[in-house]
Amino acid sequence: MTRLRTEEFLVNMGPHHPSTHGVCRLILTMDGEKVIAIEPVIGYLHRAIEKICENRTYPMCTPLMDRFEYVTAMAADHVYALAVEKLAGLEVPERAEYLRVIMVELNRIASHLIFWGVTAMDIGAYTPFLYGLREREDIVDLFEMTCGQRLTYNYIRIGGVSQDIPPEFVPQCRAFIKKMWSKFSDYEGLLNENPIWLARTKGIGVLKPETAIAYGASGPVLRASGVKYDVRRDDPYSVYDKFDFDIPTQKSGDSYDRFIQRIDEIKESLKIIEQALDNLPEGDIRAKLKPKFKPPEGEVYSRIESARGEMGCYVRSDGTVKPVRVKLRGSSFNHLMLMPIVGVDCLIADLVAIFATMDIIMPEVDR
Amino acid sequence: MSTPLLAVGELHGVFKSLHELLVSLGLPQPWQSVVMYAALGVTVFGVLSLLALFLVWWERKIAGHIQQRFGPMRVGWHGWYQTVMDALKLLQKEDVRIDTRDRVVFFWAPVVCFVAAFLAYVVMPFGNGLIVADLNIGILYVMAVTTFTVISLLMAGWGSNNKYALLGGMRSAAQVVSYEVPMVVSLLAVILYVGSLSMVDIVESQSGWFNWFIFRVPFGPIAFVTYTISAVAEANRTPFDIPEAEQELVAGYNIEYSGMKFAMFFLAEFVNMFTVSAIATTVFLGGWNGPWLPSWLWFLGKTLFMVFLLMLFRWTYPRLRVDQLMEFAWKFLVPVTFANLILAGIVKHLGWGWWE
């Protein structure tokens with residue numbers, strides 16, 4: 001009698017697959033349900049944003065940044081504005097800085113809410129997705145009230161912000177913060193202690209801190225592994241040094257920790273927004289730019305803490321109206337490259353959970 | 001072979017006049033029975049198809065309200081004929097058949113699935129005397145035919161020639177076969193107590209106040225809970241919906257099906273959900289027994305309550321992983337149900353029940 005032979009087989013997970021959050025393609029080598037090797041294939045969402053920037057004037061690049069990271073478009077606007085301001089030595093009015101912080105933190109909350117819902121959905125619980133989007137809706141309403149846009153804001157401009165907040169913004173924002181604080185018990189009751197949820201996420205996809213650092217992971221993924229690193233605290237930009245907030249970290253770096261990490265970060269962001277609203281100064285919202293904005297020759301790199309991790313922008317100028325080179329750093333790329341390390345030797349269902357808790361969005365990978 | 005006249009209870013009048021018509025037409029005896037059974041079959045099939053359409057709508061409404069939205073609202077009052085329109089849409093859709101499919105298996109999979117879903121209703125007591133055939137091995141028959149579904153899922157997985165579909169088919173085979181064991185053993189506790197496999201006998205033994213098996217502490221509630229858990233797995237629903245886990249296998253076994261073939265899988269899923277709920281009603285919730293209201297209304301109400309419970313599970317819980325699912329069945333449910341079976345035997349033998 002001959003022994004039954006089993007074969008490894010290849011599965012193309014993506015580019016069209018419900019849980020790759022966009023057009024990511026993972027080539028999986030599988031032994032039955034078990035994933036043996038992963039090879040990420042990128043480039044399906046490449047739109048040459050960096051190259052297009054070279055043919056545009058500096059202010060014209062801002063809308064492209066919204067497309068670079070559309071889940072937290074405010075952060076992408078912010079990192080580009082910071083780079084160009086550093087290059088040109090522009091002084092940003094304090095009110096504009098505060099508005100930027102409020103908007104970026106609101107956007108971070110919105111992004112984490114999407115993460116919360118989508119991760120739950122990837123692990124099979126459909127309802128949290130709608131709950132997450134319900135709270136996000138209030139944030140999006142605030143953005144719409146401020147700049148008229150709900151996804152790609154084009155709000156944070158070089159030298160300041162595009163327009164001042166309307167008078168009803170502050171009370172509505174405070175109402176949202178109050179509501180959000182009361183929602184955490186719902187969130188925690190629905191998933192945090194659910195035995196199925198714990199079985200699906202605890203000890204799954206453990207990312208060791210040294211691996212995370214070696215692969216350039218940042219943001220919640222790095223902090224969930226226990227490394228206390230946050231650009232807002234370690235390399236303060238804008239007015240973040242004026243706020244009192246904690247950098248939450250977790251211990252084990254598994255999927256559950258990455259999930260909890262984001263909920264903790266929402267709480268810290270709420271604290272920052274509360275302080276910013278309390279201390280919001282009066283004054284201008286934008287520095288005066290010359291009609292033909294020409295930063296001096298030179299190169300500059302700016303970095304911020306976006307919802308996904310460290311986001312960077314490198315700009316080189318030759319003194320003309322157009323940048324010579326714009327290079328963007330998105331942390332999703334590093335996190336995607338972690339998948340072949342973290343995601344192997346687990347079942348395909350775990351792979352989905354790990355991919356979801358990495359919170360990868362594809363435009364940030366492909367640009 | 002006798003005519004199934006007496007078995008149809010409250011529909012007695014209608015079927016009696018049909019029978020008289022056949023006699024007056026001078027139809028010979030075997031054909032009389034054939035026509036009568038066909039009429040019964042069409043009735044049951046029609047009612048259940050309508051019920052399945054209703055369940056689809058109901059699930060969408062429940063999901064909507066759990067998720068703080070409305071669900072279907074556009075077609076009719078609160079979207080009541082949304083599923084009818086969906087079925088019409090699916091009828092018009094192109095039947096996409098990939099070239100690399102296994103032609104025979106691919107074609108027959110939805111048919112087998114659809115037919116298997118309805119087979120159990122031959123012995124289902126919808127009300128007092130409202131039953132197609134009161135087989136003396138009723139519940140054994142139900143257990144046997146509900147397992148047909150797994151064959152169709154395997155067929156769909158194999159015939160589609162798609163890796164995701166194959167994974168889904170294999171998962172469903174493993175899952176349904178595993179959960180069949182605790183399901184049958186938890187029903188066995190009740191069968192052991194009643195001493196009959198007939199569905200009617202089981203229901204009749206539960207007549208009277210608080211005589212339902214779910215109230216018969218200790219073994220009744222335990223069997224009910226283990227049965228309900230296995231039933232959710234049997235019906236392939238969250239948290240045990242791994243055969244069609246959307247986020248892992250895209251759609252699992254039915255990934256390559258479109259149009260009406262997909263609709264058949266879809267409707268069969270809802271009929272299966274109703275089947276497992278109806279069995280729970282018959283065996284644990286006293287079947288048609290209940291005061292004041294007509295018996296079929298009690299049966300329907302209790303079954304819909306069970307269906308509602310399954311829907312609540314689906315829209316609240318995350319999904320288990322395939323190995324955790326197996327561990328749960330073999331390491332937890334099977335020992336518990338066997339222990340419960342022994343407990344039921346002891347209770348019966350010593351006559352400890354407070355209801356005696």
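Predicted model: local features only at pLDDT ≥ 70, side-chain atom pairs only at ≥ 80, totals over all residues.
Biologist: How far does helix 3 of chain A reach from its first C-alpha to its last?
Modeller: Helix 3 of chain A spans residues 73-88, which makes 16 residues. The expected span is 1.5 Å times one less than the number of residues.

Biologist: How many residues of helix 3 of chain A are buried?
Modeller: A residue is buried if 20 or more other C-beta atoms, placed from the backbone, lie within 10 Å of its own; 12 or fewer make it exposed, and anything in between partly exposed. Helix 3 of chain A is largely enclosed by the rest of the structure, because its buried residues number 14 of the 16.

Biologist: What share of chain A as a whole is buried?
Modeller: Chain A holds 14 helices and nine strands. It has 367 residues, and the share that counts as buried is 48%.

Biologist: What is the radius of gyration of chain A?
Modeller: The C-alpha atoms of chain A fill a box of roughly 85 × 45 × 35 Å along the principal axes. The radius is taken over C-alpha atoms, and the globule rule is 2.2 Å times the number of residues to the power 0.38. For 367 residues a compact globule would be near 21 Å, so chain A agrees with the rule, at 21 Å.

Biologist: In what order do the four strands of the open sheet in chain A lie?
Modeller: Two strands pair if DSSP finds at least two bridges between them. Strand 1 and strand 9 of chain A are the edges, as each pairs on one side only. The pairing is antiparallel, and the order is 1-2-3-9.

Biologist: Which residue is the bridge partner of Leu10(A)?
Modeller: Strand 1 and strand 2 of chain A pair in the antiparallel sense over five bridges. In strand 2, the partner of Leu10(A) is Thr29(A).

Biologist: Which residue of the hairpin of strand 2 and strand 3 of chain A takes a positive phi?
Modeller: Strand 2 (residues 25-31) and strand 3 (residues 34-41) run antiparallel, joined by seven bridges. Met30(A) stands opposite Val35(A) there. Two residues lie between the strands, and the one with phi near 65 degrees is Gly32(A).

Biologist: Which residue of strand 9 of chain A stands opposite Val35(A)?
Modeller: Strand 9 covers residues 346-347 and is joined to strand 3 of chain A by two bridges, running antiparallel. Opposite Val35(A) stands Cys346(A).

Biologist: Is Asp359(A) buried or exposed?
Modeller: Asp359(A) sits in the loop between helix 13 and helix 14 (362-366) of chain A. Its phi is positive, near 55 degrees, in a residue other than glycine. With 27 other C-beta atoms within 10 Å, Asp359(A) is buried.

Biologist: Is Gln68(B) buried or exposed?
Modeller: Gln68(B) lies in the loop between helix 2 (29-66) and helix 3 (82-92) of chain B. Here too a residue other than glycine has a positive phi, near 60 degrees. With 11 other C-beta atoms within 10 Å, Gln68(B) is exposed.

Biologist: How many residues of chain B are in contact with chain A?
Modeller: Two residues are in contact if their C-beta atoms, placed from the backbone, lie within 7 Å. Chain A brings 26 residues to this contact, and chain B brings 23.

Biologist: How many residues on the side of chain A that touches chain B are nonpolar?
Modeller: Elements that each supply at least two residues to that side include helix 4 (94-122) and helix 5 (127-147) of chain A. Ala, Val, Leu, Ile, Met, Phe, Trp, Tyr, Cys and Pro count as nonpolar, Asp, Glu, Lys and Arg as charged, and the others, Gly among them, as polar. Five residues are polar, five are charged, and the nonpolar ones number 16.

Biologist: How far apart are the centres of domain 1 and domain 2 of chain B?
Modeller: The domain bounds come from an automatic or database domain assignment. Domain 1 covers 1-50 and domain 2 covers 70-350. Taken over C-alpha atoms, their centres are separated by 28 Å.

How values were computed:
Residues numbered from 1 in each chain as written. Chains lettered and ligands numbered in written order.
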